[in-house]
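Subject: Structure handover

Hello,

Here is the structure I promised to pass on. Please open it and keep it beside this email as you read.

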Amino acid sequence: QVQLVESGGGLVQAGGSLRLSCAAYGSTLSDYAMAWFRQAPGKEREFVAAITWSTGNGNYADFAKGRFTISRDDDKNAVYLQMNSLKPEDTAVYYCAARRLGLTTFDYWGQGTQVTVSS
């Protein structure tokens, strides 16, 4: 079982950048697909980006393409989300999630980190 801990959220002005981190404990992330989701107030949780550990390839929600980059660090057993050109509508709690390879659902979630973008 893997435990996920996010960090790196905060308050930033529109146009600014933040880098979110997700550290994993209890299992190596090479056995998982990793993703970032977010949930804004009054809205449902939505997919942001995902990365497959074996290939390092990422895929993104349309709103994230060209602005966000998901990456991994094998040595630190961590995954990151670099967010550039932030907009007020990016304000949300961002969650890291893990899905064991071969399964279809993300069963492991972090506690979330708040990102607030001011206009």
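Below is what I found, topic by topic.

**Ground rules**

This is a predicted model, so local features need pLDDT of at least 70, side-chain atom pairs count only at pLDDT 80 or more, and totals for chains, interfaces and linings use all residues. Residues are numbered from 1 along each chain as its sequence is written, and side-chain values use heavy atoms, with hydrogens and water left out. Helices (H or I, at least four residues) and strands (E, at least two) are DSSP runs, numbered from the N terminus.

**The disulfide**

A disulfide is a covalent bond between the sulfur atoms of two cysteines. Here a pair of cysteine sulfur atoms within 2.5 Å counts as one. The structure holds one disulfide. Cys22 and Cys96 form it, with an S to S distance of 2.0 Å. Cys22 sits in strand β3 (residues 18–25) and Cys96 in strand β9 (residues 92–100), so the bond ties together parts that are 74 residues apart in sequence. The torsion about the S-S bond is about -75 degrees, so this disulfide is left-handed. Both Cys22 and Cys96 are buried. Buried means under 20% relative accessible area, exposed over 50%, and partly exposed in between (1.4 Å probe, protein chains only).

**Glu6**

Glu6 belongs to strand β1 (residues 3–7). Charges are simple: Lys and Arg count as positive, Asp and Glu as negative, and His and the chain ends are not counted. For Glu6, the nearest side chain of opposite charge is Arg45, 8.0 Å away. The Glu6 side chain does reach the backbone nitrogen of Gln111, at 2.9 Å. A polar atom of that side chain also lies 2.8 Å from the backbone nitrogen of Gly112. Glu6 touches (heavy atoms within 4.5 Å) several residues beyond four places away in sequence, including Cys22, Trp36 and Cys96.

**Salt bridges**

How many salt bridges does the structure hold? There are five. Glu46 pairs with Arg38, with the closest N and O atoms 2.7 Å apart. Arg38 counts as buried because its relative accessibility is 7%. Glu46 is partly exposed, at 33%. Arg38 and Glu46 are linked with Arg67 and Asp90 in a network of salt bridges. Asp62 meets Lys65 at 3.2 Å, N to O. Asp62 is exposed, at 64% relative accessibility. Arg72 forms a salt bridge with Asp74, with the closest N and O atoms 3.2 Å apart. Arg72 is partly exposed at 29%, and Asp74 is partly exposed at 46%.

Strands pair if DSSP finds at least two bridges between them. Strands β7 (residues 68–73) and β8 (residues 78–83) run antiparallel and are joined by six bridges. Phe68 has Met83 in β8 as its bridge partner. The two strands form a hairpin with four residues between them, and Asn77 in the turn has a positive phi of about 55 degrees.

Ser27 lies in the loop between β3 and β4 (32–39). Is Ser27 buried or exposed? Ser27 is buried, with a relative accessible area of 15%. Its contacts beyond four places in sequence are Gln1, Val2, Tyr32 and Asn77.

Thr55 is in the loop between β5 (46–52) and β6 (58–60). Thr55 is partly exposed, at 47%.

Best wishes

How values were computed: A salt bridge is a side-chain nitrogen of Lys or Arg within 4 Å of a carboxyl oxygen of Asp or Glu. A polar contact is a pair of N or O atoms within 3.5 Å; within protein, one must be able to donate a hydrogen and the other to accept it, and residues adjacent in sequence count only if both atoms are side-chain atoms.
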